[in-house]
Amino acid sequence: MVLMSLPSAKRPMTRAQTCQFITALAESMPDAESELDYTDAFSLLVAVVLSAQATDKSVNKVTIGLFRDAPDARAMVALGEEGIAAHIRTIGLWRAKAKNVLRLSEQLLALHGGQVPSDRAALEALAGVGRKTASVVLNVMFGESAMAVDTHIFRLGNRTGLAPGKTTRAVEEGLIKRIPPEMLRPSHHWLILHGRYVCKARSPECGRCVAFTPCLFPLKTQIKNGNKGENT
């Protein structure tokens with residue numbers, strides 16, 4: 001995990017602060033959802049696998065053609081590794097991703113009748129699918145209160161004091177423990193979008209943060225006032 005360039009909160013939020021923080025995000029983004037383009041569980045799974053170290057926007061550009069030519073696991077296998085690669089050359093790690101997408105499609109056909117399983121262990125057994133990818137699919141497609149911790153949520157959990165942790169799993173467990181259960185599933189989207197567009201890695205926009213008050217980021221007032229201090 002890359003070290004964050006700005007300091008983290010010095011203590012965790014209280015439960016009241018956590019609830020206030022999440023509620024503020026919920027009210028500002030009532031219709032938040034994944035920014036990846038997909039039509040079913042298979043296209044979502046493939047899109048999430050492709051999104052590792054790539055932006056959702058760049059993935060959406062390549063999946064238009066990919067899903068047109070290979071809308072399901074059987075068609076993806078027929079397309080083959082080189083055919084998959086030809087569609088995704090503009091995104092990072094495209095060679096490895098082409099291999100993984102082909103292999104996971106083969107596994108879906110061999111083990112699950114071509115369907116994406118709704119079980120975490122079965123998902124994580126697929127090529128290119130780790131805990132984060134499985135959590136996204138379980139959350140978005142199967143309605144589970146799974147928390148997928150990407151770089152944005154990891155940063156947010158530590159910077160704000162929402163769920164401090166040295167590893168993504170620690171942040172995940174902290175969020176699950178602290179966020180009200182009825183808000184846990186949609187909070188995955190609220191946190192990702194807040195980290196992507198407001199609480200950014202090097203230039204957080206504290207002046208337009210709806211959760212400014214409960215946030216425990218040490219530099220929030222200086223940044224809001226236009227002075228990032230010496231720690232940026």
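Leaving aside neighbours within four places in sequence, which residues is Ser135 in contact with? I looked, keeping in mind that this is a predicted model. I found Arg120, Ala146, Met147 and Ala148 as the contacts of Ser135. Ser135 sits in helix H7. I noted its relative accessibility as 0%, and because buried means under 20%, Ser135 counts as buried.

Next I turned to the nonpolar cores. The largest has 40 residues, and I found that Leu45, Met76 and Ile88 touch the most other members. At least two residues of this core come from each of helix H2 (41-50), helix H3 (56-69), helix H4 (73-88), helix H5 (94-112) and helix H7 (131-140). H2 gives the largest share, 9 residues.

I then followed up Ile88. Leaving aside neighbours within four places in sequence, Ile88 is in contact with Leu50, Val62, Leu66, Trp94, Lys97 and Ala98.

Last, I checked a helix pair. How do the axes of helix H1 (residues 15-28) and helix H10 (residues 181-197) cross, and at roughly what angle? They come within 10 Å and cross at roughly 75 degrees, so I wrote H1 and H10 down as roughly perpendicular to each other. On the H1 side, the contact is made by Phe21, Ile22, Thr23, Leu25 and Ala26; on the H10 side, by Met183, Ser187, Trp190, Leu191 and His194. Sorting the contact of H1 with H10 by class, I get 7 nonpolar, 3 polar and no charged residues.

Notes
Residues numbered from 1 in each chain as written. Predicted model: local features only at pLDDT ≥ 70, side-chain atom pairs only at ≥ 80, totals over all residues. Heavy atoms only, no water. Axes fitted to C-alpha atoms, helices over the stretch in contact; angles between N-to-C directions. Helix = DSSP H or I, 4+ residues; strand = E, 2+ residues; numbered from the N terminus. Parallel < 35°, antiparallel > 145°, perpendicular 65-115°, else oblique. Contact = heavy atoms within 4.5 Å. Nonpolar A, V, L, I, M, F, W, Y, C, P; charged D, E, K, R; others polar. Core = buried A, V, L, I, M, F, W, Y, C linked by side-chain atoms within 4.5 Å. Buried < 20%, exposed > 50% of the residue type's maximum accessible area, 1.4 Å probe, protein only.
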